[in-house]
Amino acid sequence: MNELEKIRTELIDGDEDAILGYVEEALQEQMEPKAILEQGLLPGMNDIADKWAAGEAFIPEVLIGAKIMNAAMERLEPLMVTEEKADEPPRVIFGTVQGDLHDIGKNLCMLLLRSQGVSVLDLGVDVAPETFVEAVATHHPEYLCMSSLLTTTMDGFEKTIEALKEAGLRDKVKVAVGGAPVTPEYAKSIGADLYTEDAVQLSRTLG
Amino acid sequence: MKTVPFTRQEMIDCIEGRPTRRPAVAIGTWIHLDQLSEDKQRRLEKLYADYPFDMEAFYIKKPATFGQPGDRFCWCDVKDADPHIGRTKSVGVDEENAISWEVYDQITPELPDPAGVDLFEGWPEDDGRYRMAWLSYGPWSRIWEYRGMTNSLMDLYTDPARVQSINDRTMRWFKEVIDQVAAGHRADAIGFGDDHGMQKGPFMSPKMFRKFYFPFYKELCDYAHSRGLHVWLHCCGDAMKLLDQFILAGFDVLHPIQKYAMDETAVMEKYGGKIAFWSGMDLQQILPFGSQEDVRQEVHHLVDTFYAPQKTRTIFTVSNRLEDNVPVENIEAFIQEVYAYTEGPTPAAADAGCTGA
């Protein structure tokens, strides 16, 4: 098995030293960094996501895979950039709605998207509608993703969507909502563009 | 009073699988009156007086929140610990205390010593009803308090020895509390929460759970049972894949079998009779947003699913801590309907003024 195959099959085992070792060996064998990413790391993450969907992998495996992926990218990215890149505007903006302080779901989504090279801006927790609107106006993201764990704070989704309309920005951004009490029916009823059941599904949709 | 609460023995019968006259009802643990509006507090206090709980839960006094390094009690409740821990408005509760292991070593050099501490401060006199000593967080929830959720989930791979060390320390504390509870006949059970379930699926694989948490729970349940105590576990979310191990570990009662996360019928088909269920009325949809009739119908569903098959091993409550957005009429409808659907009115109780003694 060559290094790329080892990276792909062993990423789920969570041994960061081993995977980074294979990356180094591959580089020493003059493999292209882009090939290491596209034939080793990305398929490995995809395999983890497939196993997640099948109920065979769980959050620790997804997280450790993403963590190792990010560590490998730190090694590979400087070798892949041939010209100076301007700061990339965020493609996706995340936040937990006003009054809600829970962030694990949001953080999982962002970690997975970043591991796929998607630029993400985190507004944190307890984010007011006007703060979401200002961020959309400033950064022009493709997606605004909002999270809520509590039934008492879910109305933050509707308030933000209304605020986007009032600011003339509703048709400039796609709105995604998620969190434990959120259902597809509820998301549709408030006019959200996207709902996914979990972080892996979101990363596959947006990634 | 509109009903006669269970005696201690009736509650023990319920938990251990002997037939009872109705399902037990014990909601006080999950309703913190001081966090609700005043009107709601008054209405619920009247409800409690009319329908006294069959089980009372009291908090074990925890060590004081963290003070200075080297303090005698300096391992729990990290939130007031180190002012230099990065805490910004943007960091939420799931990651708030995400400290490094180096900081953890500095702030928790010693375990608290419960000797000489009145762990039962504020507990009322025993009135003959079944009592539970509530210990708060188990080992899985405990590691979050230090490391944040994201780190904790990865620690299972990157720092297994550290994860085990937190388990060991939690076990030492729990056993000391059990010893004091049992020695003073203070309670009939211990209880604690450890949230292994997400809305869909558990946080970790059953294999990983077996490695890190099953041994803890087995040892704890064996220890508690050897001292005559039941063990109650709160584990919200979808823990279906772990129920086999919960039962094998020896838990006596499991809360809440969360609606929409778990299939109540499937749970009863596979595990009915093997463990007592502290079945929680839904707090995500029905109680906060449903009508009173919706609530009554759900009561019928829960009774028919959990209690009717064996007429035992069922305790009703709400599925998590009650938020203030739940209409008080719905809580009243829930409690009144459980009794109406299973026991009917008991006029004698109102006259007799019976307690559970």
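Biologist: How far apart do the C-alpha centres of domain 1 of chain A and domain 2 of chain A lie?

Modeller: In this predicted model, those two centres lie 28 Å apart. Domain 1 of chain A covers residues 3–80, and domain 2 of chain A covers residues 92–206.

Biologist: How many residues of domain 1 of chain A are in contact with domain 2 of chain A?

Modeller: Nine residues of domain 1 of chain A are in contact with six residues of domain 2 of chain A.

Biologist: Which elements give two or more residues to that side of domain 1 of chain A?

Modeller: They are α3 (33–53) and α4 (59–80) of chain A. The most comes from α4(A), with five residues. By class, this side of domain 1 of chain A has eight nonpolar residues, one polar residue and no charged residues.

Biologist: Let us turn to the sheet. What is the order of the five strands in chain A?

Modeller: The order is β2-β1-β3-β4-β5, in an open sheet with parallel pairing.

Biologist: Why is one side of β2 and of β5 of chain A left without a neighbour in the sheet?

Modeller: Strands β2 (120–122) and β5 (194–195) of chain A stand at the edges, and each has a single partner strand, so one side of each has no neighbour in the sheet.

Biologist: How many bridges join β1 to β3 of chain A?

Modeller: Five bridges join β1 (residues 92–96) to the parallel strand β3 (residues 143–147) of chain A. Within β3(A), Cys145(A) is the bridge partner of Phe94(A).

Biologist: Which strands of chain A does helix α5 lie across?

Modeller: Helix α5 (residues 104–115) of chain A lies across β1, β2, β3 and β4 (174–178) of chain A. It runs at about 165° to β1(A).

Biologist: Now the other chain. How many residues of chain B are in contact with chain A?

Modeller: There are 25 residues of chain B in contact with 25 residues of chain A. Helix α4 (residues 139–158) of chain B gives the largest share of the chain B side, six residues. That side has 12 nonpolar, eight polar and five charged residues.

Biologist: And which residues touch the most other members of the largest nonpolar core?

Modeller: They are Ile190(B), Val231(B) and Phe251(B), in a core of 149 residues. The element that gives the most to this core is α4(B), with nine residues. The core also draws at least three residues from each of domain 1 and domain 2 of chain A.

Biologist: What is Ile190(B) in contact with, leaving aside its neighbours within four places in sequence?

Modeller: Its contacts include Met132(B), Leu135(B), Ile178(B) and Val231(B).

Conventions. Residues numbered from 1 in each chain as written. Chains lettered and ligands numbered in written order. Predicted model: local features only at pLDDT ≥ 70, side-chain atom pairs only at ≥ 80, totals over all residues. Contact = placed C-beta atoms within 7 Å. Helix = DSSP H or I, 4+ residues; strand = E, 2+ residues; numbered from the N terminus. Nonpolar A, V, L, I, M, F, W, Y, C, P; charged D, E, K, R; others polar. Pairing = 2+ DSSP bridges. Axes fitted to C-alpha atoms, helices over the stretch in contact; angles between N-to-C directions. Core = buried A, V, L, I, M, F, W, Y, C linked by C-beta atoms within 7 Å. Buried ≥ 20, exposed ≤ 12 C-beta atoms within 10 Å, placed from the backbone. Domains from an automatic or database assignment.
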